[in-house]
Amino acid sequence: MSETSALVILIAAILTNNILLTNFLGMCSFIACSGQIRTALGLGTAVTFVMTMTTMLNYIIYYFVLVPYGLEHLTYIVFIAVIAAFVQFVEMFVERFSPKLYFALGIFLPLITVNCAILGASLFMIIREYNFFQSVGFGIGAGLGWALAIVLMAGLRQKMRYSNVPQPFEGIPIAMIVTCVLAMAFMGFAGMVAIQ
Amino acid sequence: MANNPSPSCMTSGTGSCGGRGLLTLKEGIWANNPLAIQVLGICSALAVTNRLENSLVMGLAFIFVSVGSNMFVSLLRKHIPHRIRMIAEVAIIATFVILFDQFLKAFYWDMSKQLGPYVGLIITNCIIMGRAEAFALQNPPLVSMVDGLANGLGYAVILAIIGFFRELFGAGTVLGYTILDSQWYTSNQLMILAPGAFFVMGIVIAVFNALKGPDEQEVRR
Amino acid sequence: MKNNAYTLIFALVMGISCALLLTAAAEFTSPYRAANAKAEEIRNVLNVLNVSVPDDASPDELVEIFNKNVVQKTKAGLPFYSFVPEGTSNAPEAYAVQFEGQGLWGPIKGFLALESDMKTIRGITIYEQEETPGLGGEIASERFQEQFMGKSIVSEQREPGIRITRGSGQFGRNVVEGITGATMTCEKVESILNEAITKIVEDL
């Protein structure tokens with residue numbers, strides 16, 4: 001019985017099981033910050049980094065602390081604490097060593113804490129019972145997938161500024177409908193990845 | 001995109017907090033609907049609305065957490081150290097979410113499996129965090145609870161609407177009862193999948209916008 | 001302004017209170033949750049064996065029906081169930097074996113039910129899977145699982161194992177049609193089922 005390799009999980013997480021377009025996670029920041037490609041790219045990079053690191057951290061904590069001591073009912077609260085602490089830590093680190101980057105990211109860093117995609121990635125990793133390497137692959141892939149979706153959306157929304165959108169649809173509704181089409185397009189990736 | 005959240009009833013200076021309560025309720029459901037108008041916290045909204053029953057239970061979860069966390073944050077508002085207030089808020093919210101999740105697993109097992117990790121994701125829901133920070137921290141418990149109820153109801157109503165249409169057109173049923181018989185109606189499977197959720201959500205918000213009329217400054221009393 | 005000591009104490013007290021409250025709730029709900037999990041497993045076994053079960057049976061009723069009709073043991077290391085209808089003491093009418101393995105995205109678990117000849121499939125049920133909704137996830141649908149009813153776990157050439165095909169047009173008494181766009185999931189399901197089937201056939 002072969003196990004799905006971490007690489008396959010990574011690629012599939014970007015395309016066929018995109019955490020935003022298939023699992024709906026990370027929508028808030030997606031809607032709020034997908035106005036410009038530049039900001040979308042910045043946010044996407046930050047999210048990918050946090051997602052990868054917290055997935056790894058949470059994996060270790062879950063399997064080496066929570067499970068052995070029978071504390072699974074504290075999973076949610078521990079995970080979110082880890083994420084919040086990590087983001088706080090990254091914020092302090094970035095502020096200290098690269099004020100320019102800190103300024104560029106601005107409000108995004110604290111916003112990442114409440115990005116459901118980050119908590120969601122950790123939770124999915126547990127539900128799907130990934131091993132460590134699969135978890136890392138999933139963390140990176142999910143982050144990249146989210147970043148890809150948000151950058152695509154930013155590009156589309158920039159173009160849409162020149163379109164004639166009916167008034168009730170202006171802003172969020174048309175963005176939602178475009179996301180619908182985007183999600184349908186991503187469904188077309190199914191069956192693309194083959195196991196060696 | 002958002003209208004301003006309701007100001008504290010203590011600082012508005014006029015009217016009793018009771019009268020404010022009713023206004024808060026109406027605002028949460030209609031004028032300032034967290035999902036349709038402020039467009040916050042859509043993650044859970046989209047994922048669980050593939051069936052009406054799931055939407056209703058999720059709405060219930062939301063109301064429970066919203067009211068509970070607002071109440072507790074408000075009760076403790078004078079004691080929470082400023083520096084760790086966000087973490088404290090998250091801890092309180094997470095506690096309520098986990099409580100609901102545990103009881104769901106114990107007494108409504110099938111639903112717990114349907115909702116999966118999305119109940120847990122209420123913790124990161126922007127609306128609940130936002131209300132705890134913006135409202136509950138500055139207001140007494142009773143009004144905070146009403147605010148939580150208002151937002152919860154507003155959220156639940158939209159979830160129900162989206163869930164209703166997705167289930168109806170995606171499976172031909174409402175709450176499991178067949179309305180559009182498979183004999184003559186080929187169900188639109190896309191409705192049950194991700195794209196359908198985005199689509200229905202877009203339409204619902206557009207309808208809300210159309211009914212509300214062009215953006216106007218609401219008079220704050 | 002609150003000083004650092006107060007912050008620390010507050011954080012500690014809050015953390016401990018939350019943890020205590022949640023642990024209490026977990027303890028309180030734990031028996032119900034365990035009963036629900038067991039009831040679900042039992043319901044799955046009963047369903048795949050085609051034992052009639054009222055839709056709204058309570059966990060206790062399910063356990064009762066199970067105990068009256070099914071004998072559980074292990075065969076080749078897998079949980080194995082024999083369906084002996086209540087009131088009769090004949091040979092079992094059907095058997096069920098649990099299969100589980102790694103799908104594409106997460107664990108896949110289910111039961112395979114066989115008729116008394118241990119070759120014809122009575123049905124399968126897949127009760128746990130994390131595959132892509134709408135694609136691989138369709139393995140949990142009735143449409144997919146119905147195909148297995150009446151099929152054989154042994155091919156015409158007497159080789160044990162079922163095959164899940166890509167595309168239609170291939171026939172055989174141990175062949176079922178896969179799901180378009182879910183090749184990998186179907187391959188996983190095929191290998192998981194065959195692993196269980198091989199173990200059973202060897203044990204006969």
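Hi everyone, let me start with one pair of residues: in chain C, Thr74(C) sits opposite Pro79(C), which belongs to strand S2(C). Before I go on, please keep in mind that this is a predicted model.

So, what surrounds that pair? Strand S1, residues 70-75 of chain C, and strand S2, residues 78-83 of chain C, run antiparallel and are joined by 6 bridges. Another pairing to look for is Val71(C), whose bridge partner in S2(C) is Ser82(C).

Now follow the chain from one strand into the other. How many residues lie between the strands of this hairpin? There are 2, and Ala76(C) takes a positive phi near 55 degrees in this hairpin.

S2(C) has another neighbour too. Strand S3, residues 94-102 of chain C, runs antiparallel to S2(C), and 4 bridges join them. Here you can find Tyr81(C), with Ala96(C) as its bridge partner in S3(C).

Let's step back to the whole of chain C. It has 4 helices and 7 strands. If you turn the model, the C-alpha trace of chain C spans about 80 × 45 × 30 Å along its principal axes.

Two more numbers for this chain. Of its 204 residues, 34% are buried. And if we take contacts between residues at least 6 apart in sequence, 47% of them join residues at least 24 apart.

Next, the meeting of two chains. Chain A brings 14 residues into contact with 20 residues of chain C. What kinds of residues does chain A present on that side? They divide into 6 nonpolar, 5 polar and 3 charged.

I'll finish with a residue in chain A, Phe124(A). You'll find Phe124(A) in helix H7, residues 116-127 of chain A. Is Phe124(A) buried or exposed? Phe124(A) counts as buried, because it has 26 C-beta neighbours inside 10 Å, and the cut-off for buried is 20 or more. Have a look at Thr55(A) as well: Phe124(A) and Thr55(A) are 69 residues apart along the chain, and their C-alpha atoms are separated by 9.8 Å.

Methods. Residues numbered from 1 in each chain as written. Chains lettered and ligands numbered in written order. Predicted model: local features only at pLDDT ≥ 70, side-chain atom pairs only at ≥ 80, totals over all residues. Pairing = 2+ DSSP bridges. Buried ≥ 20, exposed ≤ 12 C-beta atoms within 10 Å, placed from the backbone. Contact = placed C-beta atoms within 7 Å. Nonpolar A, V, L, I, M, F, W, Y, C, P; charged D, E, K, R; others polar.
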